[in-house]
Amino acid sequence: MGKPAGPIPSVDEIIRTDVGKIACERFGHAATVGAVRAALERFRATIGEAGDERPDRASIALAVGTAATDRLNAADLPRVRRVFNLTGTVLHTNLGRATLPENAIEAATAAMRHAVALEYDLQSGGRGERDDAVRDLLKELTGAEDALVVNNNAAAVLLVLNTFSLRRGAIVSRGELIEIGGSFRMPEIMKRAGAELVEVGTTNRTHLKDYEAAIGPSTGLLMKVHTSNYLIQGFTKEVLTAELSRLAAKHAIPLVDDLGSGTLVDLSAWGMRRERTVQDAVGDGSDLVTFSGDKLLGGPQAGFIVGRRDLVAACAKNPIKRALRLDKIRLAALEATLKLYRDPDRLAERLPTLRHLSRSKADVGDAASRVAAALAAELGDRAVVEVVDCASQIGSGALPLETVPSRGVSITPAGEGKPSGRRLARLAAALRALPVPVIGRIERNAVVLDVRCLDDEQTFATQLTKLQWADSTNESA
Ligand SMILES: *Cc1c(COP(=O)(O)O)cnc(C)c1O
């Protein structure tokens, strides 16, 4: 027989201990009481197992108070948390795409903190237009007559389709009916926009005559879509914008070019393959061009519509525009980001997306060596840490087959033979459980961290002492 169950401290008693007081200070009385009550219940539920070893009242209070604090701390961690993107995909949609330049961060912070001249003309003291902040910049940078901005590129496409193709035909090549990341599918957006999809050509070949044959009295627009995440190769034929533009003009139908990522600079200047720019699309005769703010452009999430003045004005007048508009924070960040494009010589220095993409393999390699040394010091003989070649991707539907030669760190749990998938998954999970979660990828029987996008090596290295990784080899995969 064990001792009779001694009195268990009350919620109040625990709240009055040092741990309880500190928790109240941090999380408030109500939340702390709730957490202590829950922790106390859990303690009672497990009390049977304690037997003779039942601790004294003060120890129970401390243990329950600490458990409650742990819960409160865990619940307090932001869900939208900073992470280290070491996946090798520079514009990773699941990790928030572009990281913003410093001037955009400052502008956004100021816009959050203060009243701003958003729809206010400081010269006249009268009403201004929300998009004015970026309209002139976009005109200047793209060569288009006019511009407007909405929530994202999906919204830009939706607005254009709804404005010109409501209950009218939108003609698209069968080779360009894209799906991006599962939720954006061109045929579905068209349907929701009220447009009637008119598919022309075949998956691999579409000719000018296919478009021409489809044009009729109820045609609302011709659409060209950038095949952002795939390439059609082999026996293929696509009609280029310049040709389509002549056809569209002949029939007085707008030609819309959905560029997707859309870049304002010739990427070959930074060693990448040249991607058609927004200026190219405008110059080739697209009446409207749509593209994203947070893909190659490197700014906040946004969608642009640039092109002919009368057509942009029609989009701006569509009541749906109001539901898709940008808030002051992103507009401020966008204006700052776009301004950097006035000085292309310093763009790679200032714009993180371009800085990451254009970072030389040697430079990434040096960083990989430092990261490998820090990891090896922490892991000791528990893992084999090596600097390896890898390939970064741009991501978010830009240059889909293009990779950028990179360097990374491969971590392989020590031991005979190939580590099992489960052991690798546990290592990856331990890295994700760090204060700033480290997101890598599992590849070639190792966890590989591509360090191309690692800016803050200091934080990365110092937090490694917190790595909790219990590897165990004596189990089946
Ligand atoms: C990415 C993409 C979109 C969607 O853009 P979001 O900014 O993610 O809304 C639309 N069309 C194309 C061709 C794209 O590549």
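This is a predicted model: local features need pLDDT of at least 70, side-chain atom pairs count only at pLDDT 80 or more; totals for chains, interfaces and linings use all residues.
Local features are given where pLDDT is at least 70 and side-chain atom pairs at pLDDT 80 or more, while totals for chains, interfaces and linings use all residues. Residues are numbered from 1 along each chain as its sequence is written, and side-chain values use heavy atoms, without hydrogens and water.

View 1. Of its 477 residues, 47% are buried, that is, under 20% relative accessible area with a 1.4 Å probe, counting protein chains only.

**View 2. The shell around the ligand.** The ligand is surrounded by 13 residues, each with a heavy atom within 4 Å of it. A154, S228, D258, S292 and K295 are the closest. By class, the shell holds four nonpolar, six polar and three charged residues; Asp, Glu, Lys and Arg count as charged, Ala, Val, Leu, Ile, Met, Phe, Trp, Tyr, Cys and Pro as nonpolar, and the others, including Gly, as polar.

View 3. An N or O atom in the side chain of R97 is 2.9 Å from an oxygen atom of the ligand. The protein covers 95% of the 380 Å² of accessible area that the ligand has on its own (Shrake-Rupley method, 1.4 Å probe). Two or more shell residues come from each of α7 (153-165) and β8 (255-260).

Terms used
A polar contact is a pair of N or O atoms within 3.5 Å; within protein, one must be able to donate a hydrogen and the other to accept it, and residues adjacent in sequence count only if both atoms are side-chain atoms. Helices (H or I, at least four residues) and strands (E, at least two) are DSSP runs, numbered from the N terminus. Buried means under 20% relative accessible area, exposed over 50%, partly exposed in between (1.4 Å probe, protein chains only).
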